[in-house]
Amino acid sequence: MAKSLFDKIWESHVVKAIPGGLEVFYIDRHLIHEVTSPQAFDELRERGLPLLRPAQIVATADHNVPTRNQHLPIQDPISRSQVDKLTENCASFGVELFGLGHENQGIVHVIGPELGLTQPGMTIVCGDSHTSTHGAFGAIAFGIGTSQVTQVMATQCLLLSRPKRMRITVDGELRPGVTAKDLILHIIAQLGTGGATGYFVEYAGSAIRALSMEGRMTVCNMSIEMGARGGLIAPDATTYAYLQGRPYAPQGERWEQALAYWQTLYSDDDAEFEAELTFDAADIAPMITYGTNPGMGIALTGHIPPQVPAGEAASFDKSLQYMGFQPGESLLGKEINYVFIGSCTNSRIEDLRAVAAYVQGKHKAAHVEAIIVPGSKSVEKQAIAEGLDKILAQAGFELREPGCSACLAMNDDKIPAGAYCVSTSNRNFEGRQGPGARTLLASPLVAAITAVEGRIVDITQYLN
Amino acid sequence: MDKFQTLHSTAVPLPLENIDTDQIIPARFLKSTTREGFGANLFADWRYASDGQPKHGFVLNDTRYHGQILLAGQNFGCGSSREHAAWALYDAGFKVVISSYFADIFRGNALNTGLLPLQVTEEVLQRLVARVTHYPNTQLVVDLPAQTLTVPVWEESIGFDLDPYKKECLINGYDDIDYLLSQQAAITTYEQQRPWNF
């Protein structure tokens, strides 16, 4: 019977089907961080349970770490205690930790792929909704709650119902200035913030194939923003080339064996999907969001909808009131106070290169504060090796140290109430970047041009 | 996990769509390393001004509305996977959230917390919101074993779906981990027999 990529990976991880439809589902790789793991470790202690497979868990500190002076003790005592607790838990349970100061430290969804921990055919979970990022490698990867973190720690399994399958095919070529971020913001704007609830999405088509691994990660990362359980892309030569030689990727004969297996991971011609959508890459423009969920996106040169269906009016009005925008208006010319380039969506070396390439020889607008937070120590090191740090500094951008930073503003990196921030992150929810902060999601290229111009512009006028 | 059988309660209407977990519990309150105490910051930025004073007009500050059931617009609990959102609702006294659909991760987290995500049609949701908004003392009855939501004043019982296994867990206060631990032998066998090894 014809199977989808999703079916092949899912079925190979079912330990047992139980009456009623739930399945005992095996997890290959478990990533943990300081915010959603402490209660899970405590529960193991209370129940007297060991970790079943400590070697399949990797930890890092990312959500709640400062992005300045990481060599010094964390100043906020509550944050420090949370990060210290992760260190203590990993030491006492025997989990490998890439903590602050470690050369492998970084945002959990950035370090997994760059270390080769993320591989095709795997099942990967983390107590973080953007775990969908790892699907870019042809893995089933999804976010879980803390109770499930405990379950995976104790049994390496979860009790799950199988999601429905959706395939989103994007054919054709992206236009100049249109990036993976615009592609996924466009799709989410079409489906809405809950449009893929209950589904696991496979991205396919020539425009997806043409993306780098970094671009594919950006796309899969934001699957959750339309409600999907996760997103994945069949592995191909781009995937293998990215993985080969990475520290945790298979080596030698094991690489050949893995490769032979990975090459079986694709959707068969007649594979069934409960939903199929197709997009033409040429229809996608540089995007920006105007509201308070990621589905509220428009082309940069577009207009905010003048009205919405009656049932959604309350949320729409509340959202525009929060953002200080009017129905039907254009965002072009709006003054911006902050630009944040970072997060598990867009903090990889390719993102930093795109920003540096544009801002080289230019300077940010005087009224804009622009920060760049690399996704990992490795990205930071690479940026410095390529001289990007100097280009960014000369352009007035501050290059920080790795972490989740102003994406969720758990640390001190907050946008002030009422201020507008063009952000390369994934969520524009009310208060996400700090109480009262107004977030406009966009690509790194749009963010870079916005920082230089100090306002929202039609970026196609600024491209060489 | 606490056991859940039946609940007789009034409800609190919050009929906004796409309420995300950052609203339910903002990230800056996630620094605690225990499960307790999140209720005080439930909907913190909607509920309190920056000086900590209650905001007029938010339903949790409106003394007319109270109860252990939250009535919310569609796609409740979207966004972050933080289980702290379910803990905050539970800690604040809610035992049931009624919506026309829930975000997947939130639904799972709620069930693992003992909070019942009760899905009704959009039409039923709108009628409930209208009724409760105008008549805050309207009693609702959630009967989990019977899988019904009853509105006595309407003389109407509405059925709802729930996975039979998760239903048993809620009724008996069982966690998934109890079941998974009982499957240790099957898990070990699976590990030994898997066709490849990374």
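## Cavities, pocket and helix packing

In this predicted model, 22 residues line the largest cavity, and those nearest its centre are A:H63, A:D128, A:L408, A:R432 and B:S80. The space inside the largest cavity amounts to about 220 Å³. By class, its lining comprises eight nonpolar, 10 polar and four charged residues. Across the whole structure, the search returns four cavities of 30 Å³ or more.

Open space is treated separately. The largest pocket has a volume of about 840 Å³. Its lining consists of 31 residues, and nearest the pocket centre lie A:L22 and A:S161 together with B:D104, B:R107 and B:L111. Three elements each contribute at least two residues to the lining of this pocket: β8 (157-160) of chain A, and α4 (104-113) and β5 (116-119) of chain B. Of the lining, the largest share is that of α4(B), with six residues. The lining of the largest pocket divides by class into 13 nonpolar, nine polar and nine charged residues.

The helix α4(B), which contributes to the pocket lining, also packs against another helix of chain B. The axes of α3 (residues 84-91) of chain B and α4(B) come within 8 Å, crossing at roughly 45 degrees. That angle makes α3(B) oblique to α4(B). The crossing of α3(B) past α4(B) is right-handed. On the α3(B) side the contact involves B:A85, B:A86, B:W87, B:L89 and B:Y90, which meet B:F106, B:N109, B:A110 and B:T113 of α4(B). This contact has seven nonpolar and two polar residues, and no charged ones.

Two helix pairs of chain A can be described in like terms. For α2 (residues 38-47) and α5 (residues 146-155) of chain A, the axes lie 8 Å apart and the packing angle is about 50 degrees. The helices α2(A) and α5(A) are therefore oblique to each other. Here too the handedness is given: α2(A) passes α5(A) in a right-handed crossing. In this pair, A:Q39, A:A40, A:F41, A:E43 and A:L44 of α2(A) meet A:T146, A:V149, A:T150, A:M153 and A:A154 of α5(A). The contact of α2(A) with α5(A) has six nonpolar, three polar and one charged residues.

The other pair in chain A is formed by α12 (residues 349-359) and α15 (residues 444-453), whose axes come within 9 Å and cross at roughly 35 degrees. The helix α12(A) passes α15(A) in a right-handed crossing. From α12(A), the residues in contact are A:D351, A:V355, A:Y358 and A:V359, and from α15(A) they are A:P444, A:L445, A:A448, A:I449, A:V452 and A:E453. By class, this contact has eight nonpolar, no polar and two charged residues.

| Helix pair | Axis distance | Crossing angle |
|---|---|---|
| α3(B) and α4(B) | within 8 Å | roughly 45 degrees |
| α2(A) and α5(A) | 8 Å | about 50 degrees |
| α12(A) and α15(A) | within 9 Å | roughly 35 degrees |

Terms used. Residues numbered from 1 in each chain as written. Chains lettered and ligands numbered in written order. Predicted model: local features only at pLDDT ≥ 70, side-chain atom pairs only at ≥ 80, totals over all residues. Heavy atoms only, no water. 1 Å grid on protein atoms, 1.4 Å probe; cavity = no way out; pocket = protein on both sides within 12 Å on 5 of 7 lines; lining within 4 Å. Points joined across faces, edges and corners; volume = space filled by probe spheres on them. Helix = DSSP H or I, 4+ residues; strand = E, 2+ residues; numbered from the N terminus. Nonpolar A, V, L, I, M, F, W, Y, C, P; charged D, E, K, R; others polar. Axes fitted to C-alpha atoms, helices over the stretch in contact; angles between N-to-C directions. Parallel < 35°, antiparallel > 145°, perpendicular 65-115°, else oblique. Left-handed = near helix turned anticlockwise from the far one by under 90°. Contact = heavy atoms within 4.5 Å.
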